[in-house]
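Subject: Handing over a structure, with notes

Dear colleague,

I am passing a structure on to you, and I would be grateful if you could look through it with the notes below at hand.

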Amino acid sequence: MIGPTVIIDGNIISAEDLIIEGKVSGTVTGTDHEITIGQAGQLKADIQAKIVRIEGKVEGDICGGEKVIISKTGNVLGNIAAPRVTLEDGAKFKGSIEMDPDEQPTIKAVPKSKSDLFPESVANADKSNAS
């Protein structure tokens with residue numbers, strides 16, 4: 001969980017379910033997991049996850065591998081691509097929705113490990129351990 005007083009400027013890659021109540025700008029990726037933007041959450045970020053649940057405010061594009069849910073307290077300014085999209089009564093949304101239940105939305109390739117993110121630092125660590 002990212003608490004309401006936390007501010008992140010950069011990319012988040014999560015290998016588990018994630019709840020964001022703070023402020024994030026950048027990208028948020030949890031390809032095989034659920035990402036929830038809580039009521040206090042404020043994002044200026046693109047989101048990619050298996051399931052995306054929005055209860056707060058998001059400015060950015062959302063790609064859901066399985067579904068995207070915008071709750072009655074959710075506010076989204078951006079485009080959505082997912083096989084299933086739910087807009088609860090009272091949800092605020094401005095953008096476009098691309099839905100095709102038979103087609104998985106394309107999720108950009110994301111690094112799966114630290115070595116994919118920082119290959120040079122892992123290689124340097126391996127060299128220093130070998131000495």
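What follows is a description of what was found, going from the whole chain to single residues.

Please keep in mind that this is a predicted model, in which local features need pLDDT of at least 70 and side-chain atom pairs count only at pLDDT 80 or more, whereas totals for chains, interfaces and linings use all residues. Residues are numbered from 1 along each chain as its sequence is written, and side-chain values use heavy atoms, with hydrogens and water left out.

**Overall layout**

The protein has 2 helices and 11 strands, where helices (H or I, at least four residues) and strands (E, at least two) are DSSP runs numbered from the N terminus. Read from the N terminus on, the order of the elements is β-β-β-β-β-β-β-β-β-β-β-α-α. Of the 131 residues, 34% count as buried; here buried means under 20% relative accessible area, exposed means over 50%, and partly exposed lies in between, with a 1.4 Å probe and protein chains only. The accessible surface comes to about 7,800 Å², and 49% of that surface belongs to carbon and sulfur atoms; these areas come from the Shrake-Rupley method with a 1.4 Å probe, and for residues only the protein chains shown count as cover. If one takes the contacts (heavy atoms within 4.5 Å) between residues at least 6 apart in sequence, 7% of them join residues at least 24 apart.

**Strand pairing**

Two strands are said to pair if DSSP finds at least two bridges between them. Strand β1, residues 7-13, pairs with β3 in the parallel sense over 7 bridges, and within this pairing Asn 11 has Thr 27 of β3 as its bridge partner. On β3 and β4, which run parallel, 12 bridges make the join, and the partner of Thr 36 in β4 is Arg 53.

**Salt bridges**

With a salt bridge taken as a side-chain nitrogen of Lys or Arg within 4 Å of a carboxyl oxygen of Asp or Glu, the count comes to 2. In one, the side chains of Arg 53 and Glu 34 meet at 3.1 Å, N to O, and this pair links distant parts of the chain, since Arg 53 is in strand β4 and Glu 34 in strand β3, 19 residues apart. Arg 53 counts as partly exposed, at 26% relative accessibility. In the other, Lys 50 and Glu 66 meet at 3.9 Å, N to O, which joins strand β4 to strand β6 across 16 residues of sequence. Lys 50 is partly exposed at 36%, and Glu 66 is partly exposed at 30%.

**Single positions**

Ser 71 is placed in the loop between β6 and β7 (75-77), and it is buried, with a relative accessible area of 9%. Apart from neighbours within four places in sequence, Ser 71 is in contact with Ile 54, Glu 55, Glu 88 and Ala 91.

Lys 57 is found in strand β5, residues 57-59, and is partly exposed, with a relative accessible area of 39%. Lys 57 and Val 76 are 19 residues apart in sequence and 5.9 Å apart in space, C-alpha to C-alpha.

With kind regards
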